[in-house]
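Reader: Before we go through the features one by one, could you show me the sequence and the model together?

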Amino acid sequence: MLQYVWLALLILFIIAECATVGLVSIWFAGGSLVAMFLAMAGAQPVWQVIVFLTVSLLLLIGTRPVAMRHFNKRKTIRKNFIIREKSV
């Protein structure tokens, strides 16, 4: 039964991520996915929450710096393109 709660949270986090420009909730979607698999395997709810928080935090720490570098590079490219355009 609890796996449906994790599935709903997974869908909610993915929708929230699609609705925003920056990476805001994708890490929580990953944590929800792992917690959902634990729920389907019959793990206790306490362990599901602990694993959800741990996986989300590890994904946040591991991927956010790389993602921010990628986004900042794209912003710089856009700024340079806008600056080089000639006005009519």
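**A surface patch and the helices behind it**

Author: Met1, Tyr4, Leu7, Ile11 and Ile15 together form a nonpolar patch on the surface, with about 570 Å² of accessible area. This is a predicted model, in which local features need pLDDT of at least 70, side-chain atom pairs count only at pLDDT 80 or more, and totals for chains, interfaces and linings use all residues. Residues are numbered from 1 along each chain as its sequence is written, and side-chain values use heavy atoms, with hydrogens and water left out.

Reader: Where is isoleucine 11 found, and why does isoleucine 11 count as it does in relative accessibility?

Author: Buried means under 20% relative accessible area, exposed over 50%, and partly exposed in between (1.4 Å probe, protein chains only). Isoleucine 11 lies in helix H1 (residues 2-19), and it counts as partly exposed because its relative accessibility is 44%.

Reader: How do the axes of H1 and helix H2 cross?

Author: Axes are lines fitted to C-alpha atoms, for helices over the stretch in contact, and angles run from 0 to 180 degrees between N-to-C directions. The axes of H1 and H2 (residues 26-41) come within 8 Å and cross at roughly 165°, so H1 is roughly antiparallel to H2 (angles over 145 degrees).

Reader: How many helices and strands does the protein have?

Author: Helices (H or I, at least four residues) and strands (E, at least two) are DSSP runs, numbered from the N terminus. The protein has 3 helices and 0 strands, and buried residues make up 20% of its 88 residues.

Key. Patch = residues over 30% accessible without salt bridge, like charges linked within 9 Å, V, L, I, M, F, W, Y side chains within 5 Å. Areas by Shrake-Rupley, 256 points an atom, 1.4 Å probe, with all protein chains shown as cover. Salt bridge = Lys/Arg side-chain N within 4 Å of Asp/Glu carboxyl O. Parallel < 35°, antiparallel > 145°, perpendicular 65-115°, else oblique.
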